[in-house]
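Student: I have a model open and want to learn how to read its features. Can we go through a few together?

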Amino acid sequence: MSALRPAPKSDIDESDLDVDQPHHHAAGPTAVAVSMKRAMEQMGPVRTAQTLLKLNQADGFDCQGCAWPDPSPGERHHAEFCENGAKAVTEEATKRRVDRAFFAEHSLADLAGRTEYWLGQQGRITEPMIVREGGTHYEPISWDEANALMAERLTGLSSPDRAVFYTSGKVSNEAAYAYQVFVRALGTNNLPDCSNMCHESSGSALVDTIGIGKGSVSLEDIHLAKLIVVVGQNPGTNHPRMLSALEEAKGRGAKIISVNPLEEAGMVRFKNPQKVKGWLANGTGLSDLHLPIRINGDLALFQAIGALLVQWDALDREFLERYTTGFEEYVDHVQELDWAKVEASTGLSRAQITEAAEMFRDSEATTTCWAMGITQHHNSVATIKEIVNVALLQGNIGRPGAGLCPVRGHSNVQGDRTMGVWERLPDHFLDAIQGEFGFDPPREHGHDTVQAIREMRDGTVDFFLSMGGNFVSAAPDTEVTAAAMRKVRTVVNVATKLNHSHVTFGRETLLLPPLGRSEKDLTGGIEQRVTVEDSMSAVHASKGPLKPASPHLRSEVHVVCGLAEAVQAAAPESPAGLAMARVPWTAWRSDYTEIRRSIARVVPGCAAYDEKVDVPGGFVLPHPPRDTRTFETESGKAVLSCTPVEVLEVPQGRLLLQTLRSHDQFNTTIYGLDDRYRGISNGRRVVFVHPDDIRDLELADGDMVDLVGEWTDPDGDGSAEERIARDFRVVSYDQPRGCAAAYYPETNPLVPLDSTAIGSNTPVSKAVILRLERPGYVLGSRTIEGSGDQGTGTMRTDDPGQLA
Ligand SMILES: Nc1nc2c(c(=O)[nH]1)N[C@H]1C(S)=C(S)[C@@H](COP(=O)(O)OP(=O)(O)OC[C@H]3O[C@@H](n4cnc5c(=O)[nH]c(N)nc54)[C@H](O)[C@@H]3O)O[C@H]1N2
Ligand SMILES: Nc1nc2c(c(=O)[nH]1)N[C@H]1C(S)=C(S)[C@@H](COP(=O)(O)OP(=O)(O)OC[C@H]3O[C@@H](n4cnc5c(=O)[nH]c(N)nc54)[C@H](O)[C@@H]3O)O[C@H]1N2
Ligand code: SF4
Ligand SMILES: [Mo]
């Protein structure tokens with residue numbers, strides 16, 4: 001082994017890594033056992049019972065995991081959650097604490113050398129902490145002093161646009177609404193969010209084609225569908241209760257197609273832990289057809305399916321005539337389809353694609369679901385438009401069982417957008433804010449996530465506040481992002497648990513701990529509730545049952561209102577101070593009902609908001625295509641669009657890498673080191689490669705390699721860039737030849753900042769051109785064949801000890 005190899009990561013001993021056969025079923029008794037074990041370890045029996053019985057109940061709190069919807073109140077079980085929901089709750093409701101003694105013991109340097117797993121497992125942050133300029137440790141600070149300090153920094157900026165306010169999708173609607181009003185009163189639209197790295201491509205494509213950036217189906221539609229197509233999504237891990245919905249649909253005769261380079265366990269068989277059958281027998285077989293698509297082949301696949309439907313005249317001509325535009329051009333376009341290109345792009349045979357198209361043809365109601373396997377590609381917006389084309393051809397929108405279903409990630413990511421957390425908020429919304437409060441919100445668009453990193457890198461950001469999330473680890477190009485963040489003078493993180501973003505800042509940083517959703521919120525002396533929106537536009541209330549992790553925690557609403565009041569106090573005559581004075585912050589933090597009343601007046605579709613969330617189960621936001629087949633596009637019709645099929649070429653000896661989630665993590669929060677369904681235990685630094693590719697690369701299963709990403713900026717000077725992530729174990733895994741997979745966030749150093757989706761600026765996390773090198777590889781030391789260039793363009797180094 002080379003001497004250049006960095007020291008092993010401090011707390012994960014990868015020599016314990018164990019690799020076994022992948023599973024062919026999801027959930028079942030093991031899932032229950034695993035979630036209960038974790039819950040009992042971290043919460044104890046009383047708290048476990050107290051918490052899990054309130055999870056996803058109409059009088060309880062919303063799961064902090066994914067955005068999958070709950071059944072209507074009458075149809076809920078006592079245990080209305082999945083293994084990963086239980087893990088998400090346990091992570092928050094843990095009895096472990098990170099207090100001032102902890103911070104006195106662990107210096108910044110110490111914390112920076114730990115893995116994300118270790119940091120997260122230390123427990124809940126208990127009081128506001130600060131690192132002052134030159135400090136080596138976090139030390140306590142009062143909320144008042146923290147607010148005064150932030151206000152001083154914010155009012156001292158040469159322009160409000162030198163501040164950036166990030167949001168992760170767990171924030172409640174009330175907090176998100178107050179937050180975006182605060183940011184706009186301050187005078188900027190710099191509101192990047194995790195959506196910029198997630199479903200932004202879905203939003204862009206859907207707004208352009210159907211006039212609204214949200215999915216068009218309800219949970220009932222999934223139950224009623226005749227064909228469900230699950231594309232680029234791993235529900236068994238990331239939306240586990242979706243499997244119950246798929247099972248229900250199957251029971252009613254639906255067919256299921258899965259489109260995925262990997263045959264994910266959940267899509268093969270599902271053992272429903274809520275049914276006796278799920279405990280004893282083999283469970284329900286889910287997929288009728290699995291298409292092992294080559295990474296990035298989905299645009300070609302859907303175009304080919306569309307071409308066949310046109311050829312067979314399997315069309316809803318009445319719908320096309322009445323509700324769509326672009327059909328004629330589309331027909332001309334698909335008649336020219338080059339099947340050789342389709343086969344090269346998808347890695348599928350014409351027979352496989354024809355079989356899928358026949359299932360579309362024979363279905364009276366098709367719902368297509370997708371997630372990150374679709375949205376995180378350079379052509380993801382065009383790919384989603386291609387999915388829309390196929391739906392429109394058969395009139396699969398706005399009728400029972402049919403529709404488009406981008407399955408959202410974070411539990412309230414969709415709600416945060418509805419509430420106005422968006423760097424490109426439309427004018428009518430800004431007008432409503434102006435009408436409600438009487439200050440002029442800025443009109444110029446703000447920075448999204450990628451642009452915010454560029455601005456930090458270029459030294460034009462002095463203040464960064466993160467409302468939840470882990471910006472540095474979740475964003476692409478980890479080293480570039482971390483270096484950019486170190487240029488920002490003041491970094492503030494509102495966070496429940498420690499992560500690497502908390503040790504990455506310019507001169508000073510604040511760490512402000514909020515209440516979690518499982519905790520009782522007594523802000524203003526009354527029991528407050530909050531509201532959230534799921535992936536299917538259903539809005540409902542959430543109220544936590546638990547005693548807060550510490551008496552010093554403040555709700556996110558309180559954090560925002562407190563900061564706004566401090567800004568007003570610091571500079572009452574400044575434009576920001578005057579704007580702040582127009583918002584009733586004190587009333588808002590005394591009773592969130594006041595916020596909901598303002599939401600009702602300002603946010604589209606939210607009239608009588610507070611009254612509607614009073615109903616158990618809440619209400620569903622309007623969705624014109626779903627409700628009345630109304631398409632609020634420029635032409636007033638749904639749009640069919642044409643994109644040429646391209647084959648993503650990978651040079652000889654390289655692989656196409658996707659970065660994905662294990663079964664034991666929530667984004668950058670690592671619950672544990674097992675990916676049970678894929679046969680991995682006790683480690684995360686693995687790269688899954690086809691056995692024949694392993695052989696052709698002259699490697700063997702079990703070898704250690706460095707992952708070297710190659711990228712040529714299409715707008716650059718043509719030189720190739722290399723990026724590296726070290727020390728991964730090669731694992732033989734079935735998938736299309738030439739494809740590879742490894743976990744996020746360990747692989748984020750390989751995703752170039754400027755490699756983003758056309759039309760959404762989403763980082764391309766699912767298609768990195770990859771080389772496997774022997775351990776200790778020195779960046780740029782090898783000629784990149786095929787590009788005719790020495791790999792010395794912009795070299796990126798990894799940061800040993802960081803970010804596992
Ligand atoms: N337990 C748990 N739940 C979660 C999360 C979590 O981390 N853990 N994260 C939440 C969030 S924020 C999100 S956005 C969602 C993410 O949910 P997913 O999108 O399911 O998450 P990924 O693990 O990124 O999985 C992407 C899937 O797409 C496949 N894929 C990759 N490339 C391609 C491609 O080119 N074409 C096709 N057809 N498939 C491809 C991969 O094999 C994988 O199955 O989950 C949410 N729920
Ligand atoms: N390579 C690669 N990169 C990706 C992806 C990928 O598939 N591949 N996926 C992308 C996607 S889809 C997403 S959504 C982003 C996720 O990006 P983020 O949303 O920024 O990341 P998370 O890991 O979800 O954030 C976890 C942190 O949130 C804080 N937290 C947890 N609960 C709460 C709470 O209730 N309140 C507050 N204030 N803080 C809380 C904790 O401190 C925790 O450490 O990552 C993106 N990055
Ligand atoms: S499916 Fe998602 S929202 Fe439902 S319990 Fe599981 S993690 Fe929570
Ligand atoms: Mo996400």
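Student: In which hand does α1 pass α2 in their crossing?

Tutor: First, this is a predicted model. Here α1 passes α2 in a left-handed crossing. Helix α1 covers residues 29-52, and helix α2 covers residues 83-93. Their axes come within 9 Å and cross at roughly 45°. Angles from 65 to 115 degrees count as roughly perpendicular, and those under 35 degrees as roughly parallel. So α1 and α2 are oblique to each other.

Student: Which residues of α1 and α2 make the contact?

Tutor: From α1 come Ala-31, Val-34, Ser-35, Arg-38, Ala-39, Gln-42, Met-43, Arg-47, Thr-51 and Leu-52. From α2 come Glu-83, Ala-86, Lys-87, Val-89, Thr-90 and Ala-93. By class, the residues of this contact are eight nonpolar, four polar and four charged.

Student: Now another pair. At what angle do α14 and α16 pack?

Tutor: About 105°, with the axes of α14 (residues 298-311) and α16 (residues 327-335) 9 Å apart. That angle makes α14 roughly perpendicular to α16. Gln-303, Gly-306, Ala-307 and Val-310 of α14 meet Tyr-330, Val-331, His-333 and Val-334 of α16. This contact has five nonpolar residues, three polar and no charged.

Student: On to pockets. How much space lies in the largest pocket?

Tutor: About 940 Å³. The lining of the largest pocket has 29 residues. Nearest its centre lie Val-207, Ile-212, Gly-213, Trp-422 and Pro-426.

Student: Which elements give two or more residues to that lining?

Tutor: They are α8 (200-210), α21 (413-418) and α22 (427-437). The largest share comes from α8, with five residues. By class, the lining of the largest pocket splits into 11 nonpolar, 11 polar and seven charged.

Student: What should I look for in the backbone?

Tutor: Start with the general rule. Most peptide bonds are trans, and most residues other than glycine have a negative phi. Then look for exceptions.

Student: Which residues does a cis peptide bond join?

Tutor: Tyr-744 and Pro-745, with omega about 5°. Pro-745 sits in the loop between β30 (739-743) and β31 (768-773).

Student: And phi: what is the value for Asp-477?

Tutor: Near 50°. That is a positive value in a residue other than glycine. As for its place, Asp-477 lies in the loop between α24 (471-474) and α25 (478-485).

How values were computed
Residues are numbered from 1 along each chain as its sequence is written. Chains are lettered from A and ligands numbered from 1 in the order in which they are written. This is a predicted model: local features need pLDDT of at least 70, side-chain atom pairs count only at pLDDT 80 or more; totals for chains, interfaces and linings use all residues. Side-chain values use heavy atoms; hydrogens and water are left out. Axes are lines fitted to C-alpha atoms, for helices over the stretch in contact, and angles run from 0 to 180 degrees between N-to-C directions. Helices (H or I, at least four residues) and strands (E, at least two) are DSSP runs, numbered from the N terminus. Angles under 35 degrees count as roughly parallel, over 145 as roughly antiparallel, 65 to 115 as roughly perpendicular and the rest as oblique. A crossing is left-handed if the near helix is turned anticlockwise from the far one by less than a right angle, and right-handed if clockwise. Contact means heavy atoms within 4.5 Å. Ala, Val, Leu, Ile, Met, Phe, Trp, Tyr, Cys and Pro count as nonpolar, Asp, Glu, Lys and Arg as charged, and the others, Gly among them, as polar. On a 1 Å grid over the protein atoms alone, a cavity is a set of points where a 1.4 Å probe fits but cannot get out, and a pocket is an open set with protein on both sides within 12 Å along at least five of seven lines; lining residues have an atom within 4 Å of a point. Grid points are joined across faces, edges and corners, and a volume is the space filled by probe spheres set on the points.
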